[in-house]
Amino acid sequence: MKIERIEAIPYAIPYTHPLKFASGEVEAAEHVLIRIHTDDGLVGTADAPPRPYTYGETQDSIVSIVEKVFGPQLVGLEVLDRGKVRAVLDRTIHNQVAKGAVDIALWDLIGKSLGTPVHQLLGGYTDRLRVSHMLGFRPARDLLDEALRFGEDYGITTFKLKVGRRPLDLDIEACHVLREGLGDGVELYLDANRGWTANEALEVLRRTEGLGITRLEEPCDAKEAMSRQRLVARSPIPIVGDESVPTAGDVSRELLSGGCNSICIKTARSGFSEAQEILGLCTGLGVDVTMGNQIDTQLGSLATVAFGAAHEATARRAGELSNFLDMSDDLLADPLRILDGTIAVRDAPGVGTDVDEEKLARYRLN
Ligand code: MUC
Ligand code: MG
């Protein structure tokens, strides 16, 4: 079964309300649908969410690198020759989101060709993942209302609060209001998307002590190596690397240099293959992991569920899976549902990401 053709289709679906965070804001899912066609008529699908403020890729750059650089080198390769495919992708540096989507679309094809769900091919540990909901910048009272509603409507009991604002009081107040309003049974953790300095992060940790916050993600730029190491050494809670660790090499560098001591895995920027390498590194070193969200569509979230449910270490914590609820629509033919605070894997061969062709025709930009 050979790769015959690769499509990179840009599309845009508006959000019902924007998601704001320290490094950016999202008002529409301006993503790229990747479809890999084989010579025996199978199609592998994945979603590529460009994040220019995080990795430098844009919708145009993803279309271009897939159509002009990866496509010509991959056409004619056997789908199962994953090592050859990786070698081709690795020959181009960066472009993690484009590579991640090509990798996931290939796994989808492998699953379809073997008649097996990809979560089983990857590990088959469990059949669902608990959901963590990400709360964007909003006034503290509105954040609490949103968290209470998500608890009530979907059974979600884990929340990641976007922080990294100045003055720090905005975020500190939000932490206090959320803990008071949600009670002790709910897990709360923070993600500053590099919005603070390391010293500001330490001040926030001091002023939120006793609130039971479990982790702090990407508090400052990891390039500020010395202050970041100082923060990691002094923090009573794990400091999570996210945008600083898209590849296994980045994970090694940050863990070895003491820039973080916990890792966020995102299939959108690491695909399944590199995410497995990252996971192996982390479990080998005794470092805990979380399945993160790149503000994914239902298509992207389902890929995260397939990977997260496949391994014990990734299924331990709630995965960030619910941002698609802020979108006005989605391309996934069979909509994703959150039941009792969890999302289940699909038992269909592949990842289960079949696309609604009418919707694709409506939202595609080319
Ligand atoms: C996160 O965890 O940082 C925001 C931008 C992005 O790429 O991912 C999100 C969430
Ligand atoms: Mg993050």
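## Salt bridge between the domains

Between domain 1 and domain 2 there is 1 salt bridge. A salt bridge here is a side-chain nitrogen of Lys or Arg within 4 Å of a carboxyl oxygen of Asp or Glu. The side chains of R86 and E277 form a salt bridge at 3.2 Å, N to O.

This is a predicted model: local features need pLDDT of at least 70, side-chain atom pairs count only at pLDDT 80 or more, and totals for chains, interfaces and linings use all residues. Residues are numbered from 1 along each chain as its sequence is written, chains are lettered from A and ligands numbered from 1 in the order in which they are written, and side-chain values use heavy atoms, leaving out hydrogens and water.

Domain 1 gives 33 residues to the contact and domain 2 gives 41, where contact means heavy atoms within 4.5 Å.

About 3100 Å² is buried between the two domains, 63% of it from carbon and sulfur atoms. Buried area is the accessible area (1.4 Å probe) that two parts lose on being put together, summed over both.

## Around ligand 1

Ligand 1 has 14 residues around it, and K160, K162, D191, N193 and D242 come nearest. A residue counts as near if one of its heavy atoms lies within 4 Å.

A polar side-chain atom of D191 sits 2.9 Å from a ligand 1 oxygen atom. For N193, a side-chain N or O atom is 2.8 Å from an oxygen atom of ligand 1.

Methods
Polar contact = N/O pair within 3.5 Å; in protein donor to acceptor, adjacent residues only side chain to side chain.
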